[in-house]
Amino acid sequence: MLEKDIEKVLVSEQEIDEIAKRLGKQLTEEYKDKFPIVVGLLKGCVPFMGKLINNMDMHLEIEFMDVSSYHGGIESSGDIKISKDLDVAVQDRHIIIAEDIVDTGRTIKVIMDLLKYRGAKSVSVVTLLDKPEGRVVNLDPEYIGKTIPKEFVVGYGLDYDEKYRNLPYVGVLKKEVYMK
Ligand code: PRP
């Protein structure tokens, strides 16, 4: 049913599996003695973060923040709203922020600065997708699943108007879906 709205698959289910394995292994090597907090930014982080932490063979905590910038449209508004904050202190802790996509970079920049201000020992970013052509702030995620072109993508956590997050792959939405 959802597939008919997808123009093309950009990151397949199998490729997402491979990405989660590769990044999970790398994070395990780099953080295994650091007991990090993996902070997921809701809601888009959910599917990828789930798969990623399954591939991290080490002790870690998971926490969530709800941060929004798109407000239902297809362009980032730059207006960041924190509607759910962390429930734990980050002072002297190593933080890995988990994202589905970094586009303008505004969301991540605000959250990174906030967590550093609160005394985190380190803050890094792991993202399934990176869209560097969209960047308006100076920010390079440390751990990137796949770099993609400036197209409007949905699936694997990414939505259009709150829909398509449950697609098991990342695809480009047909223009007629959001033009109508
Ligand atoms: C999306 C995405 C990132 C952010 C990326 O979240 O999950 O958090 O936008 O955009 P940026 O790099 O331009 O800031 P959104 O605000 O749509 O919330 P959601 O995860 O609930 O869909």
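A nonpolar core is a set of buried Ala, Val, Leu, Ile, Met, Phe, Trp, Tyr and Cys residues joined through side-chain atoms within 4.5 Å. In this predicted model, the largest such core has 28 residues, and those with the most contacts inside it are L27, F48, V126, L128, L129, V153 and V170.

**Nonpolar cores**

**L129 and D130**
- Apart from its neighbours within four places in sequence, L129 is in contact with V11, D100, I101, V102, K146, I148, V153, L158 and V170.
- D130 lies in strand β6 and is buried, because its relative accessible area is 5%, which falls under the 20% cut-off.
- With neighbours within four places in sequence again set aside, the contacts of D130 are V102, R135, P141, I144, K146, T147 and I148.

**Aromatic residues**
- Three aromatic pairs are found in a search of the whole structure; in one of them, the ring centres of F152 and Y160 are 6.1 Å apart and the planes stand at 90 degrees, so the pair is edge-to-face.
- Both partners are buried, F152 with a relative accessible area of 12% and Y160 with one of 15%, and together with Y178 they form one aromatic cluster.
- The charged end of K34 sits over the ring of Y31, at 5.4 Å from the ring centre.

Note on methods. Residues are numbered from 1 along each chain as its sequence is written. This is a predicted model: local features need pLDDT of at least 70, side-chain atom pairs count only at pLDDT 80 or more; totals for chains, interfaces and linings use all residues. Side-chain values use heavy atoms; hydrogens and water are left out. Buried means under 20% relative accessible area, exposed over 50%, partly exposed in between (1.4 Å probe, protein chains only). Contact means heavy atoms within 4.5 Å. Helices (H or I, at least four residues) and strands (E, at least two) are DSSP runs, numbered from the N terminus. Rings of Phe, Tyr and Trp (its six-membered ring) pair if their centres lie within 6.5 Å; planes under 30 degrees apart count as stacked, over 60 as edge-to-face and the rest as tilted. A charge sits over a ring if NZ of Lys or CZ of Arg is within 6 Å of the ring centre and within 35 degrees of the ring normal.
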